[in-house]
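Biologist: Could you take me through the terms that belong to this model, one at a time, and show how each of them is decided?

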Amino acid sequence: LAAVKMVLDLCNQNYWCIGSDVNEPDWPQYLAWAQKYVNLVNQVAPYKIAYLEPFRGSPSLIGDLKKITGNFIASFHDYCPTKITFQWVLQYPDKAYVYSDKFRKEHEKCLTPVVKFQKETGRQIDVGEFAAVRWSGHPKTCNAQYWVHDSIAFYKKHNWSWIYLSYRGNNPW
């Protein structure tokens with residue numbers, strides 16, 4: 001938290017810092033730390049915004065953030081379904097899955113906990129990362145294009161902000 005305070009103090013002296021993100025947290029005491037973090041941001045830089053993600057950015061675990069009070073934006077990562085978004089990168093090296101209504105429905109089901117969280121808490125939602133490997137579906141269909149289009153349409157429908165992941169110079173993205 002001392003490092004966070006130092007960054008916030010720098011943010012107060014400059015206008016370039018508009019937010020602070022805890023990306024893919026995964027330690028056992030995270031929720032207790034997150035509450036201290038939000039309290040610190042709200043105290044030291046009340047006009048700045050804290051972003052919080054659930055364990056490893058998982059949309060299925062965003063409900064855990066209900067335990068946190070104070071001003072923050074809830075964020076998560078969207079790579080569902082991985083058979084489309086990570087095709088040939090991780091566990092699906094030998095098969096080209098074709099994006100279809102089946103995968104669209106699977107994607108929407110994956111995001112149901114986030115929709116529920118937003119309705120129950122009224123919190124602003126930010127999709128902190130989403131992407132699909134550029135060759136997904138090759139040679140039959142352009143999965144990445146269809147999936148990204150459908151994802152953005154879903155985010156707009158729910159008034160979520162989003163950030164497309166693009167590792168500079170990284171071949172898959």
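Modeller: A polar contact is a pair of N or O atoms within 3.5 Å; within protein, one must be able to donate a hydrogen and the other to accept it, and residues adjacent in sequence count only if both atoms are side-chain atoms. This is a predicted model, in which local features need pLDDT of at least 70 and side-chain atom pairs count only at pLDDT 80 or more, while totals for chains, interfaces and linings use all residues. Residues are numbered from 1 along each chain as its sequence is written, and side-chain values use heavy atoms, with hydrogens and water left out.

Biologist: What makes the pair aspartate 150 and arginine 104 a polar contact?

Modeller: Their side chains are joined at 2.5 Å, and the limit is within 3.5 Å.

Biologist: Why is aspartate 150 called buried?

Modeller: Buried means under 20% relative accessible area, exposed over 50%, and partly exposed in between, with a 1.4 Å probe and protein chains only. Aspartate 150 has a relative accessible area of 18%, so it is buried.

Biologist: How do you know that valine 115 counts as buried?

Modeller: Its relative accessibility is 12%, and therefore valine 115 counts as buried. Valine 115 also touches Phe154, His158 and Trp160, not counting residues up to four places away in sequence, where contact means heavy atoms within 4.5 Å.

Biologist: What is said of a bend in H4?

Modeller: The bend at a residue is the angle between axes fitted to the seven residues ending there and the seven starting there. At leucine 111 that angle is about 40°, and proline 113 follows within four residues.

Methods: Helices (H or I, at least four residues) and strands (E, at least two) are DSSP runs, numbered from the N terminus.
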